[in-house]
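Please look at the structure first.

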Amino acid sequence: VSMRRAALPIALLIGIYLDSILFCRLNISGIRPDALLAVAVSAGVLLGSVKGGLLGVGIGLFMDVLFGKCVGLSAIAYMVAGAAGGMFYQKFYADNVIVPAGVAAVSALLKEHIMMLAVRLSGGTFSYAEMVGAYVLPSMLLTVALTMPVHVLLKRALARQVRTEHRAGRA
């Protein structure tokens, strides 16, 4: 198996490790970045909406089955993140890390709002303003900060595949 074919599975395994083990132990007041969201967004930017969305659904279902209480919520959020990243696929300005970072910011906000809505609909009570200020925005900023190096590393690892698909798209 060539390195470029193994890059995405390796990124996913590292993301799973970071989200489920390392960040759980390092978190401060429950605040932690979402490494798998960073992978989904970056994959969308590099490989397109369909591949990014499919990867996002897979990530979300995996996370829902292993760690979630309601199967499908994370799948929707990660699918949207991957597909949204794909909106910038093959755009000249998508080479900049600001694009995936911006998509990650919006996607993290959307994901956390989906989760808050699910908690509210299941009878949970919380202060919306406190939740956004104390958890959602800090987590979003950490996810944005993590998305930048993830994107640089994935872009480098997938460079040949991205160039080949880009040339095939022009033909």
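The model is predicted, with local features needing pLDDT of at least 70 and side-chain atom pairs pLDDT 80 or more, while totals for chains, interfaces and linings use all residues. Residues are numbered from 1 along each chain as its sequence is written, and side-chain values use heavy atoms, without hydrogens and water.

Two packed helices are described by the angle between their axes and the distance between the axes. An axis is a line fitted to C-alpha atoms, for helices over the stretch in contact, and angles run from 0 to 180 degrees between N-to-C directions. Helices are DSSP runs (H or I, at least four residues), numbered from the N terminus.

| Helix pair | Axes come within | Crossing angle |
|---|---|---|
| α2 and α6 | 9 Å | roughly 45 degrees |
| α4 and α5 | 9 Å | roughly 160 degrees |
| α2 and α5 | 9 Å | roughly 130 degrees |

Helix α2 covers residues 35–47. Its contact with α6 (contact means heavy atoms within 4.5 Å) involves A35, L37 and V45 among others in α2, and residues including L146, V150 and L154 in α6. The residues of this contact divide into ten nonpolar, four polar and one charged. Here Ala, Val, Leu, Ile, Met, Phe, Trp, Tyr, Cys and Pro count as nonpolar, Asp, Glu, Lys and Arg as charged, and the others, Gly among them, as polar.

Helices α4 and α5 are roughly antiparallel to each other. Among the residues of their contact are L73, I76 and V80 of α4 and L110, K111 and M115 of α5. By class, this contact has twelve nonpolar, three polar and one charged residues.

Helices α2 and α5 are oblique to each other. L37, V41 and V45 of α2 meet P100, V103, A104, S107 and A108 of α5. This contact has seven nonpolar, one polar and no charged residues.

Which residues lie nearest the centre of the largest pocket? They are S74, K111, E112, M115 and Y135, out of 29 lining residues. A pocket is an open set of points on a 1 Å grid over the protein atoms alone, where a 1.4 Å probe fits, with protein on both sides within 12 Å along at least five of seven lines; lining residues have an atom within 4 Å of a point. Helix α5 gives the largest share of the lining, seven residues. The lining has 16 nonpolar, six polar and seven charged residues.

Conventions
Helix = DSSP H or I, 4+ residues; strand = E, 2+ residues; numbered from the N terminus. Parallel < 35°, antiparallel > 145°, perpendicular 65-115°, else oblique.
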